[in-house]
Amino acid sequence: MTFRVNMAASLATAALIAFTGAATAEPNIDPNPDVTELVINGDIPITIRAPAPDHLDGALPEIYSGWLYRDASTRQMETDDFENPAMTFVDEGLAAWDAVDGSEGKSCADCHGDIAEGMAGVRAVMPKVNEAGALWSMEDYINDCRVNRMGAEPYEWDKSPMKNMTAAISAQSRGMPVNVAIDGPAAEFWERGKEMYYTRFGNLQLSCASCHQENNNNFIRGDHLSQGQTNGFPVYRLKQSALVSIHNRFYGCVRDTQAESFAKGGQEFRELELYVASRGNGLSVEGPSVRP
Ligand code: HEC
Ligand code: HEC
């Protein structure tokens with residue numbers, strides 16, 4: 001069976017790209033009702049289904065972790081840190097946490113203490129507005145500390161040292177509910193992120209919503225389309241044998257619409273990141289997760 005993009009202006013698009021549903025797949029129903037729970041290491045229960053946050057206003061009946069859409073062997077890898085390939089990168093991040101770097105002779109641990117205490121809950125509320133009123137992702141906070149508090153070089157947004165660190169920090173919040181703020185000073189950024197989410201890009205004229213909302217649970221070129229949640233980031237992608245950052249994933253998704261993509265670490269993607277994170281408010285932080 002082939003589903004067209006479920007939107008008015010979709011005829012041209014449908015000619016260029018086919019969304020297909022497996023016999024049982026229909027958009028916006030539970031992708032895998034038989035799978036009832038994810039518990040990591042036998043002691044970190046993960047919320048893989050949650051009521052949609054109010055601001056989604058019925059656009060999705062329920063929210064689902066991307067984990068639920070993956071095949072059994074990929075799902076299995078995430079249940080045990082010895083099987084999760086991301087964990088070697090977490091170890092590298094933990095080593096960097098304790099390592100002195102920069103002209104001030106300091107490590108992250110010197111100021112923040114044990115990462116398990118100092119960073120618990122941090123991933124769950126990122127991105128967020130800083131004291132100066134700017135919207136910052138976790139990467140921005142890390143580099144602010146490196147440059148302005150340690151006298152060290154900033155990490156490159158999408159390179160290993162940064163991804164190892166975001167993975168190590170995310171792991172300290174596993175099981176905690178995603179809870180990004182969307183009101184107050186965050187509201188203007190959130191509104192712009194939302195607008196971007198529903199904007200059609202590229203020759204294919206597809207928005208994030210075309211794939212991850214309207215065609216969630218359908219298939220595109222063999223990929224089972226999830227809701228495009230960010231609670232599992234950074235993710236370890238088996239295809240790339242590497243950690244992938246949130247902005248790297250956004251970059252690829254925009255590029256796949258045959259559009260020029262936006263800069264990783266740029267303002268547009270920070271705003272989009274806030275909006276997408278808010279669509280997952282209520283799911284557990286799951287990163288670093290495993291994806292195909
Ligand atoms: C000289 C002390 C110092 C060092 C060294 C330092 N930080 Fe920070 N960091 C701070 C302060 C102060 C803040 C802002 C207040 C806060 O949230 O604790 C902060 C904030 C953060 C935040 C945001 C936390 C939040 O809840 O908003 C992250 C993430 C972070 N630091 C990561 C790191 C990492 C990773 C390193 C090592 C590469 C590091 N920091 C090194 C002092 C330091
Ligand atoms: C042409 C369809 C398409 C469009 C448009 C698209 N994506 Fe994706 N996206 C995919 C596919 C395919 C995957 C991999 C399977 C999955 O998790 O859905 C994916 C994965 C993701 C993931 C990873 C989810 C996880 O659990 O690992 C995120 C996050 C994401 N997309 C966000 C976005 C955002 C934000 C936009 C808009 C800028 C967007 N996507 C536009 C097809 C698309």
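Trainee: Helices (H or I, at least four residues) and strands (E, at least two) are DSSP runs, numbered from the N terminus. Where in that scheme is the place of Ser241?

Mentor: Ser241 lies in the loop between β11 and β12. This is a predicted model, in which local features need pLDDT of at least 70 and side-chain atom pairs pLDDT 80 or more, while totals for chains, interfaces and linings use all residues. Residues are numbered from 1 along each chain, chains are lettered from A and ligands numbered from 1, in the order written.

Trainee: What is phi of Ser241 near?

Mentor: Phi of Ser241 is near 45 degrees, which is positive, and Ser241 is not a glycine. Asp57 also has a positive phi without being glycine, near 50 degrees. Asp57 sits in the loop between β5 (49–51) and β6 (62–64).

Trainee: Is Asp57 buried or exposed?

Mentor: Exposed, because Asp57 has 8 other C-beta atoms within 10 Å. Ser241 counts as exposed too, with 8 C-beta neighbours inside 10 Å. Buried takes 20 or more other C-beta atoms within 10 Å, exposed 12 or fewer, with partly exposed in between; C-beta atoms are placed from the backbone.

Trainee: Which peptide bonds are cis?

Mentor: A cis bond joins Met126 and Pro127, with omega about 0 degrees. Pro127 belongs to the loop between α5 (115–118) and β7 (128–129). Another cis bond runs from Gly287 to Pro288, where omega is near 0 degrees. Pro288 is placed in the loop between α11 and β13.

Trainee: What order do the strands of the open sheet have?

Mentor: β12-β11-β13, three strands with mixed pairing. β12 (242–244) and β13 (289–291) are the edge strands, each pairing on one side only. Strands pair if DSSP finds at least two bridges between them.

Trainee: In which sense do β11 and β12 pair?

Mentor: Strand β11 (residues 235–237) pairs with β12 in the antiparallel sense, over three bridges. Arg237 stands opposite Ala242 in β12.

Trainee: Switching to ligands. How many residues surround ligand 1?

Mentor: There are 15, and the closest are Cys108, Cys111, Tyr141, Cys145 and Arg149. Near here means a C-beta atom within 6 Å of the molecule.

Trainee: Which element gives the most to that shell around ligand 1?

Mentor: α6 does, with seven residues. α4 (108–112), α6 (138–150) and α7 each supply at least two. By class, the shell around ligand 1 holds ten nonpolar, one polar and four charged residues. Ala, Val, Leu, Ile, Met, Phe, Trp, Tyr, Cys and Pro count as nonpolar, Asp, Glu, Lys and Arg as charged, and the others, Gly among them, as polar.

Trainee: And which residues come nearest to ligand 2?

Mentor: Of the 24 residues around ligand 2, the nearest are Gly66, Cys208, Cys211, Gly228 and Cys253. Two or more residues of that shell come from each of α9 (208–212), α10 (246–255) and α11 (267–279). The shell around ligand 2 divides into eleven nonpolar, nine polar and four charged residues.

Trainee: Back to α10. Which of its residues are buried?

Mentor: In α10, the buried residues are Ile246, His247, Asn248, Phe250 and Val254. Their cover includes β12 and α11.

Trainee: What does Trp157 touch?

Mentor: Beyond residues up to four places away in sequence, Trp157 touches Glu139, Met162, His247, Lys264 and Gly265. Contact means C-beta atoms within 7 Å. Trp157 lies in the loop between α6 and α7 and is buried, with 21 other C-beta atoms within 10 Å. Trp157 and Ser289 are 132 residues apart along the chain, and their C-alpha atoms are separated by 19 Å.

Trainee: Is Thr166 buried or exposed?

Mentor: Buried, because Thr166 has 28 other C-beta atoms within 10 Å. Thr166 is in helix α7. Its contacts, leaving aside neighbours within four places in sequence, are Met138, Glu139, Pro234 and Ser245. Glu286 is 120 residues from Thr166 in sequence and 13 Å away, C-alpha to C-alpha.

Trainee: Which residues of α3 meet α7?

Mentor: Phe89, Val90, Glu92, Gly93, Leu94, Ala96 and Trp97. On the α7 side they meet Pro161, Lys163, Asn164, Met165, Ala167, Ala168 and Ala171. The contact of α3 with α7 has ten nonpolar, two polar and two charged residues.

Trainee: One last pair: which residues of α8 meet α11?

Mentor: The α8 residues are Phe189, Trp190, Arg192, Gly193, Lys194, Met196 and Tyr197. In α11 they meet Glu268, Glu271, Leu272, Leu274, Tyr275, Val276 and Ser278. The contact of α8 with α11 divides into eight nonpolar, two polar and four charged residues.

Key
Contact = placed C-beta atoms within 7 Å.
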